[in-house]
Amino acid sequence: MLKGIQLENFKAHKNTRLEFSKFNVLTGYNSAGKTSVLQSLVFLKQSLSRKEIVYNDYLLKLGDFREIVQTHDTSLPVGINVILQEETDMLGYNVKLTEDGTAEDFFVNGDRAWWWDSKAPHVMEPSGRLFLQQAASGFGGGEYSNFEPAYRQTVGAYQKKVAEWFENMLYLSSNRGFTKYSYPLLAGSPSPDEVAKRAGDPSLLEEWLSNLILYRINEAKRYPAMRKQLDLMTERLSRLGVNINPYVMGGPSVVIDLTENDMWISAVNSGYGINQLVSSITLGTLLPAGTLVMIEEPEIHLHPAMQRIVCEIFADIANEGKQVMITSHSDHFLQTLRKLVLKGSLAEDDVKVYHFAKDGRETKPREIGITQEDALREIF
């Protein structure tokens with residue numbers, strides 16, 4: 001589970017430290033730095049998947065180093081420090097970027113266990129390489145604070161946990177919907193590269209997500225232990241009037257149907273508000289415990305009553321061992337969360353709310369207690 005993050009000179013975040021819990025809401029003014037928190041994590045995800053720093057890829061397009069560094073001052077370093085809890089252990093993964101170099105550090109319970117620096121003497125690797133996944137797989141790269149085989153094996157197991165956490169992370173921006181009718185199915189867990197080969201466009205996130213949806217649905221059908229999750233997914237989508245039906249039509253495909261008064265309607269002709277929630281609710285339910293589900297403004301295009309239902313669904317997902325992080329401008333979401341805490345559906349410590357505002361060019365987040373009704377109303 002993601003316990004915290006520190007951002008240094010990343011966009012408007014000069015030096016931001018945030019602690020997280022099960023359900024996390026980033027709210028506040030437009031362009032105040034909420035999405036940047038999500039983007040920092042996604043930036044690491046897509047870079048780790050390529051084993052090098054990648055500013056523009058299937059999940060995110062950030063431009064270049066000059067675009068992400070605070071005040072566009074390329075003399076400054078950019079730092080992203082992620083803290084994860086693995087049972088009783090705290091694992092830290094820190095990436096520091098300069099215009100001409102990359103450094104990685106890995107910490108176990110506060111002690112530096114492994115590192116890599118492209119600017120260290122005698123390093124011949126490209127300056128944008130990342131070695132966490134390679135080290136986690138046992139193929140070397142970087143240096144360890146203790147070269148005993150048992151120590152390296154222990155640290156490598158921790159690194160593998162962190163790498164797998166990034167792989168499972170789900171990020172959905174507010175402008176993604178399923179507007180196409182059917183999608184190709186790949187054997188096994190779909191990678192963006194494999195989807196791109198079939199789809200012909202490496203930037204088609206919808207194809208990758210739809211393949212991931214169908215893969216998870218079929219996986220849940222194959223393994224009896226996951227049947228409960230599949231039933232939960234079906235029940236949750238039915239509350240929105242949605243059915244997902246994988247079937248063959250000129251090749252395997254996932255078809256997203258809406259049912260209105262027992263009449264079938266294809267996703268192409270569905271309302272966008274419901275359409276955009278299919279991926280987050282389906283994958284949020286079917287992905288394994290420990291997954292971080294990040295959604296930008298899930299309230300977009302939704303009626304207030306539907307916003308409250310969706311918030312309750314996300315709270316249930318958080319209680320299943322997943323972690324939810326959303327950006328939101330919705331008072332309905334926050335008031336629903338407050339009521340869920342007051343009636344005991346979520347513990348107060350399980351919810352973190354941060355309000356973002358800017359002081360000049362610098363983001364200044366502050367924590368607000370979810371049960372502080374006056375404070376919640378004041379920010380809107």
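## Aromatic pairs

Phe43 and Tyr55 are both buried in this predicted model. Six aromatic pairs turn up in total. Take Phe20 and Tyr354: their ring centres sit 6.5 Å apart with the planes at 80 degrees, so this one is edge-to-face. The pair ties together distant parts of the chain, with Phe20 in the loop between β2 and β3 and Tyr354 in strand β15, 334 residues apart. Phe20 and Tyr354 are both buried.

Phe43 and Tyr55, by contrast, are stacked, at 5.3 Å centre to centre and 25 degrees between the planes. Here Phe43 comes from helix α1, while Tyr55 belongs to the loop between α1 and α2, 12 residues apart. Elsewhere, ring pairs join Tyr93, Trp165 and Phe166 into a cluster.

## The nonpolar core

The largest nonpolar core counts 107 residues, and Phe23, Phe43, Tyr93 and Phe106 have the most contacts inside it. Helix α6 (residues 205–222) is the top contributor to this core, giving eight residues.

Leaving out residues up to four places away in sequence, Phe106 touches a list of residues including Leu91, Tyr93, Trp114, Leu132, Val155 and Tyr158.

Most residues other than glycine have a negative phi. Ser31 lies in the loop between β3 and α1 and is exposed, at 62% relative accessible area.

His301 has a positive phi as well, about 70 degrees. You'll find His301 in the loop between β13 and α10, exposed at 55% relative accessibility.

How values were computed. Residues numbered from 1 in each chain as written. Predicted model: local features only at pLDDT ≥ 70, side-chain atom pairs only at ≥ 80, totals over all residues. Heavy atoms only, no water. Core = buried A, V, L, I, M, F, W, Y, C linked by side-chain atoms within 4.5 Å. Buried < 20%, exposed > 50% of the residue type's maximum accessible area, 1.4 Å probe, protein only. Helix = DSSP H or I, 4+ residues; strand = E, 2+ residues; numbered from the N terminus. Contact = heavy atoms within 4.5 Å. Phe/Tyr/Trp six-rings, centres within 6.5 Å; stacked < 30°, edge-to-face > 60°.
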